[in-house]
Amino acid sequence: MEMFGISLLGWRLNSGARPESIIELEHQLKVKLPTDFQELISRFDGGEGPLGSMNIRILGTTEVVSFNSDYSVFRRIPSYFAFATDGGDYCITYHRDSMMIHSFPLGALAEDEGCLLYTSP
């Protein structure tokens, strides 16, 4: 299995989210989740594993809204929502309209601090 062109070999992955959990997450985020992310969380509702020299934790459907609230993502960069973290200084986000994936330093969380990581098909 791959996610965004990255092999998930060696990852610890949770079992998949129920369809109603995905619908509820879309409702809470007020966004239609990109197909690739829907497919991922329907198979694996969160998990963690290596990505280059760091570890990434994909948030489960029950964690996404609370993580975004706890770190004021919705307020500080309202065009984005976080769906993963490196467990330290960065969060990984989708842009709500373009569905491009960016990383942001959690301390700054300003639109001009994002780094484009991937363009969702």
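Which side chain meets Arg-12 in a salt bridge? Select Glu-48: the N to O distance is 2.8 Å, where a salt bridge means a Lys or Arg side-chain nitrogen within 4 Å of an Asp or Glu carboxyl oxygen.

Before moving on, note that this is a predicted model, with local features needing pLDDT of at least 70, side-chain atom pairs counted only at pLDDT 80 or more, and totals for chains, interfaces and linings using all residues. Residues are numbered from 1 along each chain as its sequence is written, and side-chain values use heavy atoms, leaving out hydrogens and water.

Back to that pair: Arg-12 sits in strand E3 (residues 12–13) and Glu-48 in strand E4 (residues 47–51), 36 residues apart. Helices (H or I, at least four residues) and strands (E, at least two) are DSSP runs numbered from the N terminus. Glu-48 is partly exposed at 28% relative accessible area; buried is under 20%, exposed over 50%, partly exposed in between (1.4 Å probe, protein chains only).

Next, pick Lys-32 and Glu-26, a salt bridge at 3.7 Å between the closest N and O atoms. Lys-32 is exposed at 58%, whereas Glu-26 is buried at 13%.

Now go for the largest nonpolar core: 32 residues, with Leu-33 and Phe-37 having the most contacts inside it. Such a core is a set of buried Ala, Val, Leu, Ile, Met, Phe, Trp, Tyr and Cys residues joined through side-chain atoms within 4.5 Å. Click Phe-37 and, beyond neighbours within four places in sequence, you'll find Ile-58, Phe-83 and Tyr-94 in contact (heavy atoms within 4.5 Å).

Last stop: Ser-103 in strand E8 (residues 100–105), buried at 13%.
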